Amino acid sequence: MSNPVFYATPEELAPLAAGGTFTLGGAEGRHAATVKRLTPGEPVDLCDGAGLRLVCTVTAAAGDQLGVRVEHVLPTPREPFELVLVQALAKADRDELAIETATELGVDGVVPWQAERSIVRWKMDKAVKGPAKWRNVVATAAKQARRSRIPWVGELVGTAGLVELIASAGLALVLHEDAVDSVPGLVRAWRAARGPDGGPDSGGETGRIVMVVGPEGGMSAAEVRMFIDAGARTALLGTHVLRSSTAGPAAVVLLSQELGRW
């Protein structure tokens, strides 16, 4: 069984080496010592959310502090392809469910999209609080999945901003029920066109794969046309019509399998 994970900042964990000691405080220390009730001798992993994992042994636990001894330092290399889910705002917290599940499945970044047909609207202070809430959702999900990297959360984009994101990506897939080409098929063709090994190009964001999921009412024909004009391809997940909360995680699964992550 994998060790429970708790997070500290890169600045706190970067100087540590095997044999070193560290005291985890704050909310994470309280969660470990008081809620999880870890005791001396138990294994635990400390991660910085950016790929560094320290395999540790608990030496002390009390109140809001957890003392540990570092046993191993395990940097996690970045995946050669970055998976980014652009999730349209959806009602009944289905957008949050989507990014939570996608995080557990291995997505690298998520971007909230105010689509033309989105029922939910982030206005004024909600445009600030919304992304902050999403960051908390993905951080909690990453902890549950015991990931060393926490997916990044972009700022809210409208359709014009999403067009720019699509244009800068290596591959952009608009998940659409009327599409003909499958997600795996499009990824294979894209990788084959990139060279003998299908690996990422050097520099830029050409190794980024963007998945676009619309709201409950679907994307408008005008939005789909704008995305295609920017270089996106419409992609089919399967024969069933999926909810806004399901399509993104399903695409992450297919891409993870196709790219050899799983």
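**Reading burial, salt bridges, cores and helix packing**

Trainee: Is Lys-143 buried or exposed?

Mentor: Lys-143 has a relative accessibility of 15%, so it counts as buried. Buried means under 20% relative accessible area, exposed over 50% and partly exposed in between, with a 1.4 Å probe and protein chains only. The model is predicted, so local features need pLDDT of at least 70 and side-chain atom pairs count only at pLDDT 80 or more, while totals for chains, interfaces and linings use all residues. Residues are numbered from 1 along each chain as its sequence is written, and side-chain values use heavy atoms, leaving out hydrogens and water.

Trainee: With which residue does Lys-143 form a salt bridge?

Mentor: A salt bridge is a side-chain nitrogen of Lys or Arg within 4 Å of a carboxyl oxygen of Asp or Glu. Here the partner of Lys-143 is Glu-28, with the closest N and O atoms 2.7 Å apart. The two sit in distant parts of the chain: Lys-143 in helix H4 and Glu-28 in helix H2 (residues 26-35), 115 residues apart. Helices (H or I, at least four residues) and strands (E, at least two) are DSSP runs, numbered from the N terminus. Glu-28 is buried as well, because its relative accessible area is 18%.

Trainee: How many salt bridges are there by this rule?

Mentor: The count is 12. One of them joins Asp-64 and Arg-30, whose closest N and O atoms are 4.0 Å apart. Asp-64 is in the loop between strand S4 (52-62) and S5, and Arg-30 is in helix H2, so this pair ties together parts 34 residues apart in sequence. Asp-64 counts as partly exposed at 33% relative accessibility, and Arg-30 counts as partly exposed at 41%. Glu-82 and Arg-208 also meet in a salt bridge, at 2.8 Å from N to O. That pair links strand S6, which holds Glu-82, to strand S10, which holds Arg-208, across 126 residues. Glu-82 is partly exposed at 22%, whereas Arg-208 is buried at 11%. Glu-79, Asp-108 and Arg-261 are linked in a network of salt bridges.

Trainee: Which residues have the most contacts inside the largest nonpolar core?

Mentor: In soluble globular proteins, nonpolar side chains tend to be buried together. A nonpolar core is a set of buried Ala, Val, Leu, Ile, Met, Phe, Trp, Tyr and Cys residues joined through side-chain atoms within 4.5 Å. The largest one in this model has 29 residues, and Val-107, Val-110, Leu-173, Leu-175, Ile-209, Met-211 and Leu-255 have the most contacts inside it. Elements that give it two or more residues include strand S6 (82-88), helix H3 (94-105), strand S9 (171-175), strand S10 (208-213) and helix H8 (244-258). A second, separate core of 20 residues includes Ala-88, Val-111, Ala-169 and Ala-172.

Trainee: What is Met-211 in contact with?

Mentor: Contact means heavy atoms within 4.5 Å. Leaving aside neighbours within four places in sequence, the contacts of Met-211 include Leu-83, Leu-85, Val-107, Leu-173, Ala-251 and Leu-255. Val-68, in strand S5 (residues 65-75), can be read by the same rule. Val-68 is buried at 1%, and its contacts beyond four places in sequence include Phe-22, Val-44, Leu-46 and Val-58.

Trainee: At what angle do H6 and H8 pack?

Mentor: Axes are lines fitted to C-alpha atoms, for helices over the stretch in contact, and angles run from 0 to 180 degrees between N-to-C directions. For H6 and H8 the angle is about 40°, with the axes 10 Å apart. That makes H6 oblique to H8, because angles under 35 degrees count as roughly parallel, over 145 as roughly antiparallel, 65 to 115 as roughly perpendicular and the rest as oblique. Residues of H6 including Val-183, Val-187 and Arg-191 meet Leu-254, Leu-255 and Glu-258 of H8.

Trainee: In which handedness does H3 pass H4?

Mentor: A crossing is left-handed if the near helix is turned anticlockwise from the far one by less than a right angle, and right-handed if clockwise. The axes of H3 and H4 come within 8 Å and cross at roughly 35°, and H3 passes H4 in a right-handed crossing. Among the residues making the contact are Ile-99 and Thr-103 of H3 and Val-138 and Ala-141 of H4. Glu-96, in helix H3, is buried at 15%. Not counting residues up to four places away in sequence, Glu-96 touches Lys-133, Trp-134 and Val-137.
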